[in-house]
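Student: I have just opened this one and I'm new to it. Could you walk me through it piece by piece?

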Amino acid sequence: MAFNAAEKTAMGQALELARRGVRGANPLVGAVILNNDGAVLATGWHRGAGTAHAEADALATAAAAGIDVRGTTMVVTLEPCSHTGRTGPCSQAIIGSGIGRVVYAAADTTSDAAGGAAALAAAGVETEGGLMAGESRELNHRWSAAVRENRPFVTVKTAQSLDGHTAAADGTSQWITSPEAREDAQELRARCDAIVAGTGTVQADNPRLTVRGRPGAEDAAEPLSQPLRVVMGTTEVPASAAVRGTDGRFLQIHTHDPAVVLSGLHARGVRHVLVEGGATVASAFLRAGLADELVVYTAPKLLGAGTPSFFGLGVSTLTEAQAWRFDAAGGAFRLTGPDLRLQLEPTPENNEPTIGH
Ligand SMILES: NC(=O)C1=CN([C@@H]2O[C@H](COP(=O)(O)OP(=O)(O)OC[C@H]3O[C@@H](n4cnc5c(N)ncnc54)[C@H](OP(=O)(O)O)[C@@H]3O)[C@@H](O)[C@H]2O)C=CC1
Ligand SMILES: Nc1c(N[C@@H]2O[C@H](COP(=O)(O)O)[C@@H](O)[C@H]2O)[nH]c(=O)[nH]c1=O
């Protein structure tokens with residue numbers, strides 16, 4: 001394999017572009033188109049499930065700028081796909097564009113999307129993989145684990161006080177975080193297929209668990225399909241509970257096992273789950289190694305007592321601590337109004353998920 005200096009630089013840039021995407025049902029992918037002198041002609045990245053893939057995004061950017069890409073090189077962080085999902089196959093779009101060479105980082109090992117490199121080569125496009133493959137694989141290591149194990153990608157979100165409580169001593173929790181933080185959390189809801197909460201939260205909060213205040217939300221002029229609202233636990237959700245709604249997108253799963261919830265949801269086509277708590281349910285996903293992304297909103301308030309954000313993780317001494325790291329994709333930390341938003345992912349050494357092997 002021979003990659004020139006411009007291709008190596010472009011792959012680094014493509015990895016940075018990939019990090020602009022959002023984690024969830026699809027992997028983070030970036031793409032750069034180079035001319036034969038190694039100059040960047042166009043760039044693209046994938047913005048999440050249902051939007052253009054990075055390759056198509058870069059091709060569209062080039063087309064919009066009137067750039068002729070025939071005979072040029074595309075550098076992309078993941079092997080171009082060969083399947084028609086919510087968007088068309090990238091390998092065919094590349095072949096159709098006349099691009100002469102494709103350099104990719106990691107192979108696409110998903111059963112339905114794999115085979116893009118072979119399709120490109122068969123069409124006469126010079127195709128080489130493996131450049132910075134480790135970086136690309138690490139960028140999507142939790143997404144890959146979810147795909148490998150036939151389960152949805154899991155985001156756990158919590159809103160806590162500065163001293164790590166999700167509810168005060170009397171069980172009150174509305175609201176710990178600011179309107180700005182709660183508005184930000186609506187974005188998490190909008191990009192997932194299902195929202196999971198426990199029966200305890202239903203009893204305490206009577207939540208709606210809906211997407212609101214954005215195009216396609218329940219309060220929009222033409223509402224689109226909402227994420228599925230899922231309650232886990234054995235206590236029957238009351239007929240009057242707001243979470244039941246009227247659109248038929250409510251489901252109770254009578255279990256305490258996160259793996260059972262995930263396999264049931266995967267069978268229904270759910271590829272991204274948002275776990276909204278409470279602490280009992282969130283901790284169960286963490287304990288099982290079934291949390292791929294953690295978003296923690298921390299309000300500058302002290303409660304001194306109450307429900308800890310996470311408990312019962314099976315950690316009895318410091319060396320057993322779950323290891324997480326700040327996730328540059330999506331912004332590791334930033335202020336949302338007066339509150340701090342942290343985004344983390346498990347380190348590759350952390351407990352890998354335990355289902356699906
Ligand atoms: N700040 C925040 O981000 C949030 C705060 N809250 C607050 O947290 C509190 C509710 O949290 P919490 O009491 O932990 O309730 P949960 O919503 O986590 O629900 C816990 C209940 O769900 C069932 N259950 C489901 N899975 C498991 C499991 N793996 N292990 C044990 N039980 C399970 C059990 O009920 P069953 O007997 O029915 O099976 C259990 O009592 C409220 O005060 C609420 O206001 C809630 C959500 C978010
Ligand atoms: N208390 C608390 C949160 N709580 C979460 O929000 C749910 C309410 O959802 P809804 O009824 O759809 O508005 C509630 O049941 C719990 O899951 N979220 C936050 O961002 N900040 C907060 O301070």
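Tutor: Let us begin with one pair of residues: Leu34 has Val40, in strand 2, as its bridge partner. Strands here are DSSP runs of E with at least two residues, helices are runs of H or I with at least four residues, and both are numbered from the N terminus. This is a predicted model, in which local features need pLDDT of at least 70 and side-chain atom pairs count only at pLDDT 80 or more, while totals for chains, interfaces and linings use all residues. Residues are numbered from 1 along each chain as its sequence is written, and chains are lettered from A and ligands numbered from 1 in the order in which they are written.

Student: In what sense do strand 1 and strand 2 pair, and over how many bridges?

Tutor: They pair in the antiparallel sense, over five bridges; two strands count as paired if DSSP finds at least two bridges between them. Their hairpin has five residues between the strands, and Gly38 there takes a positive phi near 85 degrees.

Student: What is the order of the strands in the open sheet?

Tutor: The order is 2-1-3-4-5, with mixed pairing among the five strands. At the edges are strand 2 (40-45) and strand 5 (126-129), each of which pairs on one side only. Strand 1 (residues 30-34) also pairs with strand 3 (residues 73-78), in the antiparallel sense over four bridges, and in strand 3 it is Met74 that stands opposite Ile33.

Student: Which strands does helix 2 touch?

Tutor: Helix 2 (residues 54-64) packs on the sheet and touches strand 1, strand 2 and strand 3, where contact requires C-beta atoms, placed from the backbone, to lie within 7 Å. Several residues of helix 2 are buried, including Ala54, Leu59 and Ala62. A residue is called buried if 20 or more other C-beta atoms lie within 10 Å of its own, exposed if 12 or fewer, and partly exposed in between, with C-beta atoms placed from the backbone. The buried residues of helix 2 pack against helix 3 (90-97) as well as against the three strands.

Student: Switching to the ligands, how many residues surround ligand 1?

Tutor: There are 27 residues around ligand 1, and the closest are Gly198, Gly200, Gly233, Gly277 and Gly278; a residue is near a molecule if its C-beta atom, placed from the backbone, lies within 6 Å of it. Helix 8 gives the largest share of this shell, five residues. A cis peptide bond joins Gly277 and Gly278, with omega about 0 degrees.

Student: And which residues come nearest to ligand 2?

Tutor: Of the 19 residues around ligand 2, the nearest are Ala159, Ile176, Asp205, Pro207 and Arg208. Helix 7 (179-190) supplies at least two residues of that shell, and its three residues are the largest share.

Student: What is the phi of Asn206?

Tutor: Phi of Asn206 is near 45 degrees, a positive value in a residue other than glycine, and Leu209 likewise has a positive phi, near 55 degrees. Most residues other than glycine have a negative phi.

Student: Is Leu209 buried or exposed?

Tutor: Leu209 is buried, because 25 other C-beta atoms lie within 10 Å. Asn206, in contrast, is exposed, because it has 12 other C-beta atoms within 10 Å.

Note on methods:
Contact = placed C-beta atoms within 7 Å. Axes fitted to C-alpha atoms, helices over the stretch in contact; angles between N-to-C directions.
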